[in-house]
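The following exercises concern the structure shown below. Each task is followed by a worked solution in steps.

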Amino acid sequence: MLPDDPVTALRGASLRVTKQRIAVLTALAHHPHADVDLLGRVVREDLGSVSTQALYDVLTALTDARLVRRLDTGHPARFELRGHDHDHVVCRGCGVLADVERDNSALPHLPQVHGFRVDETEVLHRGLCPRCRTRVHHP
Ligand SMILES: [Zn+2]
Ligand SMILES: [Zn+2]
């Protein structure tokens with residue numbers, strides 16, 4: 001579980017505490033599933049000018065330290081704080097993304113497979129959201 005305080009989270013992950021890292025963690029706390037564009041807008045409101053490259057560097061460091069999860073749901077990549085495990089459903093039509101609470105009993109239990117020790121399982125469901133389903137039926 002990620003501590004509420006970004007400084008504590010960074011220290012816990014042995015990361016240097018910087019204004020930019022704090023700003024990104026804070027932005028993600030308020031905007032789960034944000035892409036880099038949205039994060040950039042929020043962080044710049046807070047800190048003034050921050051280059052997109054700097055933003056990617058921060059996100060890479062936070063993702064590598066497992067404070068942040070990168071969601072590979074297509075383009076653009078989206079990010080969220082690691083906290084409680086959950087799955088996602090993404091719309092094929094418009095890309096809207098929602099959390100799905102995980103029913104652990106429904107997942108195959110794979111502590112080891114092909115010699116790997118599995119410590120994380122991500123499930124991505126795809127389909128059409130209510131708005132896109134309506135559009136398909138009433139063009
Ligand atoms: Zn949709
Ligand atoms: Zn999520």
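Two strands pair if DSSP finds at least two bridges between them; helices (H or I, at least four residues) and strands (E, at least two) are DSSP runs, numbered from the N terminus. The model is predicted: local features need pLDDT of at least 70 and side-chain atom pairs count only at pLDDT 80 or more, whereas totals for chains, interfaces and linings use all residues. Residues are numbered from 1 along each chain as its sequence is written, and chains are lettered from A and ligands numbered from 1 in the order in which they are written.

**Exercise 1. Describe the open sheet of three strands and the helix that lies across it.**

Step 1. The strand order is β1-β3-β2, and the pairing is antiparallel. β1 (34-35) and β2 are the edge strands, each pairing on one side only.

Step 2. Between β2 and β3 (residues 78-81) there are four bridges. Within β3, R78 stands opposite L71.

Step 3. α2 lies across β1, β2 and β3 and runs at about 90° to β3. Such angles run from 0 to 180 degrees between N-to-C directions, with axes fitted as lines to C-alpha atoms, for helices over the stretch in contact. Contact requires C-beta atoms, placed from the backbone, within 7 Å.

**Exercise 2. Compare the span of helix α4 (residues 52-64) with expectation, and determine which of its residues are buried and which are exposed.**

Step 1. The expected span of a helix is 1.5 Å times one less than its number of residues. The 13 residues of α4 should therefore span 18 Å, in agreement with the 18 Å between its end C-alpha atoms.

Step 2. A residue is buried if 20 or more other C-beta atoms lie within 10 Å of its own, exposed if 12 or fewer, and partly exposed in between. By this criterion L55, V58 and L62 of α4 are buried. Because they cover an arc of only 65° around the axis, they lie on the same side of α4; the arc is that of the directions from the helix axis to the C-beta atoms.

Step 3. An α-helix has 3.6 residues a turn, so residues three or four places apart point the same way.

Step 4. Q53, Y56, T60 and D64 are exposed on the other side of α4. The cover over the buried residues of α4 includes α2 (19-30), α3 (36-47) and β2 (68-71).

Step 5. After α4 comes R66, with a positive phi near 65°.

**Exercise 3. Identify the central members of the largest nonpolar core and the elements that supply it.**

Step 1. A nonpolar core is a set of buried Ala, Val, Leu, Ile, Met, Phe, Trp, Tyr and Cys residues joined through C-beta atoms within 7 Å.

Step 2. The largest core has 15 residues, of which V24, L25, A27, L28, L39, V43 and L62 touch the most other members. Two or more residues each come from α1 (6-12), α2, α3 and α4. The largest share, five residues, is that of α2.

Step 3. With neighbours within four places in sequence left aside, L25 contacts P6, A9, L62, L67 and L81.

Conventions:
Two residues are in contact if their C-beta atoms, placed from the backbone, lie within 7 Å.
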